[in-house]
Amino acid sequence: MSKLILTQDVTGLGAPGDVVEVKNGYARNYLIPQGLAVAWSRGGEKQVDSIKAARAAREHATIEEAMDLKARLEANPVTLAVKAGAEGRLFGSVKTGDVADAVAAAGLGSIDKRLLELVAPIKGLGQHEAILKLRDGIVATITISVVAAK
C-alpha cells in the first residue's frame with residue numbers, strides 16, 4: 001500500500017489535502033502520473049496544511065458568494081420571452097439552458113444549467129419556479145416569468 005497526498009479532487013477517494021492509502025499500482029500507474037497525488041513524506045505535512053488552508057479560504061469565499069447569489073436570484077424574478085400561440089401555449093418548452101441564459105442576461109450572475117432543476121415542465125406562459133443547487137445545503141428558488149415574444 002502506498003501513502004499519498006491528494007493534490008486534486010478524486011471521486012470516491014478524497015479531496016485535495018487528504019492523506020490516503022491506495023494500492024501500489026493505482027498510485028504508480030494513475031494517481032501520480034496524472035498529477036492527482038504526490039507521495040507522502042514528513043515534509044509533505046506542510047503541503048497538506050497549505051492545501052487545506054487554501055481549500056478552507058476558497059470554501060468560505062464561495063459560501064459567501066453562493067449566499068449573495070441566492071439572495072439576488074430570490075429577490076429578482078427572471079423574465080423569459082418565448083414564442084407562444086394565441087392560447088398561451090409555447091412552441092416547444094423552456095429548458096434549463098434558456099433559464100441560465102435569461103439569468104445571465106438579467107445581470108444576476110452566471111449559473112450552471114446542470115445545477116438547475118425545473119419544478120415542472122414549462123410549456124405555457126405565466127409564473128414558474130426553478131430550483132438551483134448552489135452548494136451543499138444552499139438552494140435558491142428562482143421565479144421565472146414566461147412572456148410571449150413580440
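A residue is called buried here when its relative accessible area is under 20%, and in this predicted model the buried residues of helix H3 (residues 96–105) are Gly97, Val99, Ala100, Ala102 and Val103.

**Annotated span and helix H3**
- An unreviewed UniProt entry carries the annotation "domain: Ribosomal protein L9" for residues 14–41, a span that is 29% helix and 25% strand, with its end C-alpha atoms 18 Å apart.
- Helix H3 is followed by glycine 107, whose phi is positive, near 80°.

- E6 pairs with strand E8 (residues 126–135) in the antiparallel sense over three bridges, and leucine 118 has alanine 130 in E8 as its bridge partner.

**Salt bridges**
- Within helix H2 (residues 44–75), arginine 72 and aspartate 68 lie four residues apart, about one turn of the helix, and they form a salt bridge whose closest N and O atoms are 3.6 Å apart.
- Aspartate 112 and arginine 114 meet through their side chains at 2.9 Å, N to O; aspartate 112 is partly exposed at 27%, whereas arginine 114 counts as exposed at 70% relative accessibility.
- Lysine 133 forms a salt bridge with glutamate 117, the closest N and O atoms being 3.6 Å apart, and this pair links distant parts of the chain, with lysine 133 in strand E8 and glutamate 117 in strand E6, 16 residues apart.

Terms used. Residues numbered from 1 in each chain as written. Heavy atoms only, no water. UniProt positions renumbered as here; feature names shortened; annotations may be inferred. Helix = DSSP H or I, 4+ residues; strand = E, 2+ residues; numbered from the N terminus. Buried < 20%, exposed > 50% of the residue type's maximum accessible area, 1.4 Å probe, protein only. Pairing = 2+ DSSP bridges. Salt bridge = Lys/Arg side-chain N within 4 Å of Asp/Glu carboxyl O.
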